[in-house]
Amino acid sequence: MPRATSSTSATDTDPNAPNETAISLETLNTVMDPLVAVAFVLLGFGVVASVVPILPAGAVSMAGVLLYWWVTGRPGPIAVAILLMTGIVALAVDWVAGLVGANVGGASLRTGIVATAVGLLLFVLTGPVGLVAGIGGTVFAIELSRGASREASLRAAGFAVIGVLGSALMQAVLTGAILVSMALIYL
(Lines give C-alpha, C1' and ligand atoms only; values in the text may rest on other atoms or scores of the structure.)
Protein backbone atom coordinates (compact mmCIF):
# COMPACT_ATOMS: atom_id res chain seq x y z
CA MET A 1 0.00 0.00 0.00
CA PRO A 2 1.40 3.41 -0.93
CA ARG A 3 2.38 5.73 1.82
CA ALA A 4 0.15 8.80 2.41
CA THR A 5 1.77 12.10 1.48
CA SER A 6 1.18 15.42 3.06
CA SER A 7 -1.04 17.80 1.14
CA THR A 8 0.87 20.79 2.50
CA SER A 9 2.50 22.87 -0.23
CA ALA A 10 5.41 25.25 0.04
CA THR A 11 3.08 28.25 0.26
CA ASP A 12 1.32 26.78 3.29
CA THR A 13 4.53 26.57 5.27
CA ASP A 14 6.49 29.52 3.85
CA PRO A 15 4.61 32.84 3.89
CA ASN A 16 7.25 34.40 1.61
CA ALA A 17 6.81 31.81 -1.14
CA PRO A 18 5.01 33.05 -4.27
CA ASN A 19 1.33 32.20 -4.46
CA GLU A 20 0.08 31.65 -8.00
CA THR A 21 -3.53 32.46 -7.16
CA ALA A 22 -2.92 35.79 -5.44
CA ILE A 23 -2.98 39.00 -7.47
CA SER A 24 -0.01 41.18 -6.73
CA LEU A 25 -0.52 44.84 -5.86
CA GLU A 26 1.55 45.79 -8.91
CA THR A 27 -0.79 43.83 -11.19
CA LEU A 28 -3.80 45.44 -9.54
CA ASN A 29 -2.36 48.93 -10.04
CA THR A 30 -1.69 48.17 -13.70
CA VAL A 31 -5.32 47.19 -14.16
CA MET A 32 -6.63 50.25 -12.36
CA ASP A 33 -4.36 52.91 -13.87
CA PRO A 34 -6.48 53.19 -17.05
CA LEU A 35 -9.56 53.76 -14.89
CA VAL A 36 -7.77 56.52 -12.99
CA ALA A 37 -6.89 58.05 -16.36
CA VAL A 38 -10.55 57.84 -17.41
CA ALA A 39 -11.51 59.57 -14.16
CA PHE A 40 -9.14 62.45 -14.95
CA VAL A 41 -10.41 62.63 -18.53
CA LEU A 42 -13.92 63.03 -17.10
CA LEU A 43 -12.70 65.69 -14.68
CA GLY A 44 -10.98 67.60 -17.49
CA PHE A 45 -13.99 67.23 -19.76
CA GLY A 46 -16.13 68.63 -16.94
CA VAL A 47 -14.15 71.88 -17.10
CA VAL A 48 -14.45 72.00 -20.90
CA ALA A 49 -18.18 71.20 -20.69
CA SER A 50 -18.67 74.19 -18.40
CA VAL A 51 -18.35 76.53 -21.38
CA VAL A 52 -20.40 74.37 -23.75
CA PRO A 53 -24.15 74.72 -23.31
CA ILE A 54 -26.27 71.59 -22.90
CA LEU A 55 -23.39 69.51 -21.47
CA PRO A 56 -23.83 68.98 -17.71
CA ALA A 57 -20.37 70.00 -16.53
CA GLY A 58 -21.09 69.35 -12.87
CA ALA A 59 -22.41 65.85 -13.56
CA VAL A 60 -19.38 64.96 -15.69
CA SER A 61 -17.05 66.16 -12.94
CA MET A 62 -19.00 64.20 -10.33
CA ALA A 63 -18.67 61.07 -12.49
CA GLY A 64 -14.88 61.60 -12.51
CA VAL A 65 -14.80 61.99 -8.72
CA LEU A 66 -16.89 58.88 -8.16
CA LEU A 67 -14.88 56.78 -10.61
CA TYR A 68 -11.60 57.81 -8.99
CA TRP A 69 -13.01 57.11 -5.53
CA TRP A 70 -14.35 53.72 -6.62
CA VAL A 71 -11.00 52.73 -8.14
CA THR A 72 -8.65 54.03 -5.45
CA GLY A 73 -10.76 54.39 -2.31
CA ARG A 74 -9.50 57.96 -2.06
CA PRO A 75 -10.38 60.60 -1.00
CA GLY A 76 -12.27 59.97 2.22
CA PRO A 77 -16.04 60.22 2.47
CA ILE A 78 -16.09 63.82 3.71
CA ALA A 79 -13.93 65.03 0.81
CA VAL A 80 -16.06 63.04 -1.66
CA ALA A 81 -19.20 64.65 -0.21
CA ILE A 82 -17.70 68.14 -0.53
CA LEU A 83 -16.59 67.50 -4.12
CA LEU A 84 -20.01 66.09 -5.04
CA MET A 85 -21.75 69.09 -3.47
CA THR A 86 -19.52 71.37 -5.53
CA GLY A 87 -20.63 69.47 -8.64
CA ILE A 88 -24.27 69.85 -7.62
CA VAL A 89 -23.78 73.60 -7.22
CA ALA A 90 -22.23 73.69 -10.73
CA LEU A 91 -25.31 71.90 -12.08
CA ALA A 92 -27.65 74.33 -10.30
CA VAL A 93 -25.73 77.31 -11.68
CA ASP A 94 -26.00 75.80 -15.16
CA TRP A 95 -29.76 75.36 -14.90
CA VAL A 96 -30.83 78.64 -13.32
CA ALA A 97 -28.32 81.42 -14.06
CA GLY A 98 -29.83 82.55 -17.36
CA LEU A 99 -33.34 82.58 -15.93
CA VAL A 100 -32.21 84.45 -12.82
CA GLY A 101 -30.34 86.95 -14.99
CA ALA A 102 -33.42 87.59 -17.09
CA ASN A 103 -35.58 87.99 -13.96
CA VAL A 104 -33.10 90.37 -12.34
CA GLY A 105 -33.18 92.42 -15.54
CA GLY A 106 -36.95 92.65 -15.32
CA ALA A 107 -38.02 89.89 -17.70
CA SER A 108 -40.70 87.38 -16.74
CA LEU A 109 -40.00 83.74 -16.01
CA ARG A 110 -41.94 82.81 -19.16
CA THR A 111 -39.69 85.11 -21.22
CA GLY A 112 -36.61 83.48 -19.71
CA ILE A 113 -37.87 79.98 -20.52
CA VAL A 114 -38.75 80.90 -24.12
CA ALA A 115 -35.40 82.66 -24.53
CA THR A 116 -33.55 79.61 -23.22
CA ALA A 117 -35.37 77.34 -25.68
CA VAL A 118 -34.61 79.68 -28.61
CA GLY A 119 -30.99 80.05 -27.47
CA LEU A 120 -30.52 76.27 -27.29
CA LEU A 121 -32.04 75.81 -30.75
CA LEU A 122 -29.76 78.47 -32.20
CA PHE A 123 -26.82 76.92 -30.39
CA VAL A 124 -27.44 73.67 -32.24
CA LEU A 125 -27.62 75.53 -35.53
CA THR A 126 -24.90 78.16 -35.10
CA GLY A 127 -22.89 77.42 -31.97
CA PRO A 128 -22.20 79.56 -28.89
CA VAL A 129 -22.82 82.85 -30.68
CA GLY A 130 -26.31 81.64 -31.57
CA LEU A 131 -26.97 80.79 -27.93
CA VAL A 132 -26.02 84.23 -26.67
CA ALA A 133 -27.72 86.07 -29.55
CA GLY A 134 -30.81 83.87 -29.28
CA ILE A 135 -31.25 84.47 -25.57
CA GLY A 136 -30.53 88.19 -25.74
CA GLY A 137 -32.60 88.76 -28.88
CA THR A 138 -35.55 86.74 -27.62
CA VAL A 139 -35.67 88.48 -24.25
CA PHE A 140 -35.43 91.85 -26.00
CA ALA A 141 -38.17 91.02 -28.54
CA ILE A 142 -40.62 89.51 -26.02
CA GLU A 143 -40.17 92.30 -23.48
CA LEU A 144 -40.60 94.93 -26.20
CA SER A 145 -43.75 93.19 -27.46
CA ARG A 146 -45.13 93.14 -23.89
CA GLY A 147 -45.00 96.93 -23.84
CA ALA A 148 -41.68 97.52 -22.09
CA SER A 149 -39.60 100.44 -23.25
CA ARG A 150 -36.65 99.86 -25.53
CA GLU A 151 -34.28 100.63 -22.65
CA ALA A 152 -36.04 98.24 -20.26
CA SER A 153 -36.09 95.49 -22.90
CA LEU A 154 -32.41 96.03 -23.63
CA ARG A 155 -31.65 95.96 -19.90
CA ALA A 156 -33.51 92.65 -19.46
CA ALA A 157 -31.72 91.16 -22.49
CA GLY A 158 -28.35 92.36 -21.18
CA PHE A 159 -28.94 90.77 -17.80
CA ALA A 160 -30.00 87.50 -19.43
CA VAL A 161 -26.81 87.41 -21.52
CA ILE A 162 -24.70 88.29 -18.47
CA GLY A 163 -26.44 85.46 -16.60
CA VAL A 164 -25.57 82.94 -19.30
CA LEU A 165 -21.95 84.09 -19.58
CA GLY A 166 -21.62 84.33 -15.79
CA SER A 167 -23.00 80.80 -15.53
CA ALA A 168 -20.29 79.47 -17.82
CA LEU A 169 -17.60 81.30 -15.85
CA MET A 170 -18.94 80.08 -12.50
CA GLN A 171 -19.19 76.49 -13.76
CA ALA A 172 -15.60 76.70 -15.05
CA VAL A 173 -14.44 77.89 -11.62
CA LEU A 174 -16.36 75.16 -9.78
CA THR A 175 -15.39 72.28 -12.07
CA GLY A 176 -11.82 73.60 -12.21
CA ALA A 177 -11.72 73.53 -8.41
CA ILE A 178 -12.90 69.91 -8.48
CA LEU A 179 -10.19 69.01 -11.02
CA VAL A 180 -7.43 70.75 -9.04
CA SER A 181 -8.61 69.13 -5.79
CA MET A 182 -8.56 65.69 -7.38
CA ALA A 183 -5.11 66.30 -8.88
CA LEU A 184 -3.81 67.23 -5.43
CA ILE A 185 -5.41 64.11 -3.97
CA TYR A 186 -3.77 62.01 -6.70
CA LEU A 187 -0.34 63.46 -5.96
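Modeller: Helices and strands are taken as DSSP runs, a helix needing at least four residues and a strand at least two, and they are numbered from the N terminus. The model before us is predicted. By that definition the chain has 7 helices and 0 strands.

Colleague: In what order do the elements of the chain run from the N terminus on?

Modeller: The order is α-α-α-α-α-α-α. Of the contacts in the chain with a separation of 6 or more, 65% are accounted for by residues 24 or more positions apart.

Colleague: What share of the 187 residues of the chain counts as buried?

Modeller: A residue is called buried when its relative accessible area is under 20%. In this chain of 187 residues, 34% count as buried.

Colleague: Let us take a single residue. Is T138 buried or exposed?

Modeller: T138 belongs to helix α6, which spans residues 128-145. Its relative accessible area is 12%, so T138 is buried. Not counting residues up to four places away in sequence, T138 touches V114, A115, V118 and A133.

Colleague: Which residues does G98 contact, leaving aside its neighbours within four places in sequence?

Modeller: G98 sits in helix α4, residues 77-104, and is in contact with A160, G163 and V164 once those neighbours are left aside.

Colleague: How should I read charged pairs? How many salt bridges does a search of the whole structure find?

Modeller: The criterion is a side-chain nitrogen of Lys or Arg within 4 Å of a carboxyl oxygen of Asp or Glu. The search of the whole structure finds 1 salt bridge. R146 forms a salt bridge with E143, and the closest N and O atoms are 2.7 Å apart.

Colleague: What are the surroundings of E143?

Modeller: E143 lies in helix α6 and is buried, with a relative accessible area of 6%. Leaving aside neighbours within four places in sequence, E143 is in contact with G106, A107, S108, T111, A148, S153 and A156.

Colleague: I turn to the aromatic rings. How many aromatic pairs does the structure hold?

Modeller: The structure holds 3 aromatic pairs. F40 and Y186 form one that is edge-to-face, with 5.5 Å centre to centre and 75 degrees between the planes. This pair links distant parts of the chain, F40 being in helix α2 (residues 25-49) and Y186 in helix α7, 146 residues apart. F40 is partly exposed, with a relative accessible area of 22%, and Y186 is partly exposed as well, with 46%.

Colleague: At what angle between the planes do Y68 and Y186 pair?

Modeller: The angle is 70 degrees, with 6.3 Å centre to centre, and the pair of Y68 and Y186 is edge-to-face. Y68 lies in helix α3 (residues 57-72) and Y186 in helix α7, so this pair ties together parts that are 118 residues apart in sequence. Y68 is buried, with a relative accessible area of 1%.

Colleague: Which residues lie nearest the centre of the largest pocket?

Modeller: They are P53, D94, L131, V164 and S167, out of 23 residues that line the largest pocket. Its volume is about 440 Å³. Helices α4, α5 (109-126), α6 and α7 (150-186) each supply at least two residues of the lining.

Colleague: How do the residues of that lining divide into nonpolar, polar and charged?

Modeller: The lining of the largest pocket divides into 17 nonpolar, 5 polar and 1 charged.

Colleague: Finally, the backbone. Which residues does a cis peptide bond join?

Modeller: As a general point, most peptide bonds are trans. Here a cis peptide bond joins R74 and P75, with omega at about -5 degrees. P75 is placed in the loop between α3 and α4.

How values were computed
Residues numbered from 1 in each chain as written. Predicted model: local features only at pLDDT ≥ 70, side-chain atom pairs only at ≥ 80, totals over all residues. Heavy atoms only, no water. Buried < 20%, exposed > 50% of the residue type's maximum accessible area, 1.4 Å probe, protein only. Contact = heavy atoms within 4.5 Å. 1 Å grid on protein atoms, 1.4 Å probe; cavity = no way out; pocket = protein on both sides within 12 Å on 5 of 7 lines; lining within 4 Å. Points joined across faces, edges and corners; volume = space filled by probe spheres on them. Nonpolar A, V, L, I, M, F, W, Y, C, P; charged D, E, K, R; others polar. Phe/Tyr/Trp six-rings, centres within 6.5 Å; stacked < 30°, edge-to-face > 60°.
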